Amino acid sequence: MVFTTGTGEDFTIWSLVDFDTVGYYSRYSRVTPALRAGTVEVRCESIDDATTNVDVTYTMTALTDKGKKSLKSFAGKPFEDMIDSWKQSIDQQLTALLSAP
């Protein structure tokens, strides 16, 4: 699976490189050509029928000087906000899928 996000210098190409349905694990390669490249690991653990714990790990490398500055968005509050925006998007998609006829 390959998909893209962002626009302009934040345009990012994602590729799914590992996917384990038994272990609830996936790993993505992501490249933002103007700035950075790296991997994202996602591990899920079922807590109960309605709750899942998700652990997300980003490993990033700057590709340019501007990319070095952009890595600051992967720490602290900016990172928490980015992860929360992904959670909101996923929650919306799941709600739509589960309510579809």
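Buried means under 20% relative accessible area, exposed means over 50%, and partly exposed lies in between, for a 1.4 Å probe and protein chains only. The exercises below concern a predicted model, in which local features need pLDDT of at least 70 and side-chain atom pairs count only at pLDDT 80 or more, while totals for chains, interfaces and linings use all residues. Residues are numbered from 1 along each chain as its sequence is written, and side-chain values use heavy atoms, with hydrogens and water left out.

**Exercise 1. A salt bridge within a helix**

Determine how many residues separate lysine 87 and aspartate 91, and how far apart their closest N and O atoms are.

Step 1. Both residues lie in helix H2 (residues 76-99), 4 residues apart, which is about one turn of the helix.

Step 2. The closest N and O atoms of lysine 87 and aspartate 91 are 2.6 Å apart, and the two residues form a salt bridge.

Step 3. Lysine 87 is partly exposed at 47%, and aspartate 91 is also partly exposed, at 33%. The whole structure holds 7 salt bridges.

**Exercise 2. The rings around phenylalanine 3**

Describe the geometry of the aromatic pairs that phenylalanine 3 forms with tryptophan 14 and with tyrosine 28.

Step 1. Rings of Phe, Tyr and Trp (its six-membered ring) pair if their centres lie within 6.5 Å, and planes under 30 degrees apart count as stacked, over 60 as edge-to-face and the rest as tilted. A search of the whole structure finds 6 such pairs.

Step 2. Phenylalanine 3 and tryptophan 14 are stacked, with 5.5 Å from centre to centre and 10° between the planes. Because phenylalanine 3 lies in strand S1 and tryptophan 14 in strand S2, the pair ties together parts that are 11 residues apart in sequence.

Step 3. Phenylalanine 3 and tyrosine 28 are edge-to-face, with 6.2 Å from centre to centre and 80° between the planes. Since tyrosine 28 lies in strand S3 (residues 25-32) and phenylalanine 3 in strand S1, this pair ties together parts that are 25 residues apart in sequence.

Step 4. Phenylalanine 3 is partly exposed at 26%, whereas tryptophan 14 is buried at 4% and tyrosine 28 is buried at 16%. Ring pairs link Phe3, Trp14, Tyr28 and Trp86 into a cluster.

**Exercise 3. The nonpolar core**

List the residues of the largest nonpolar core.

Step 1. A nonpolar core is a set of buried Ala, Val, Leu, Ile, Met, Phe, Trp, Tyr and Cys residues joined through side-chain atoms within 4.5 Å.

Step 2. The largest one has 8 residues, namely Trp14, Tyr28, Val40, Val42, Tyr58, Met60, Phe74 and Phe79. S4 and strand S5 (51-62) each supply at least two residues of this core.

Note on methods
A salt bridge is a side-chain nitrogen of Lys or Arg within 4 Å of a carboxyl oxygen of Asp or Glu.
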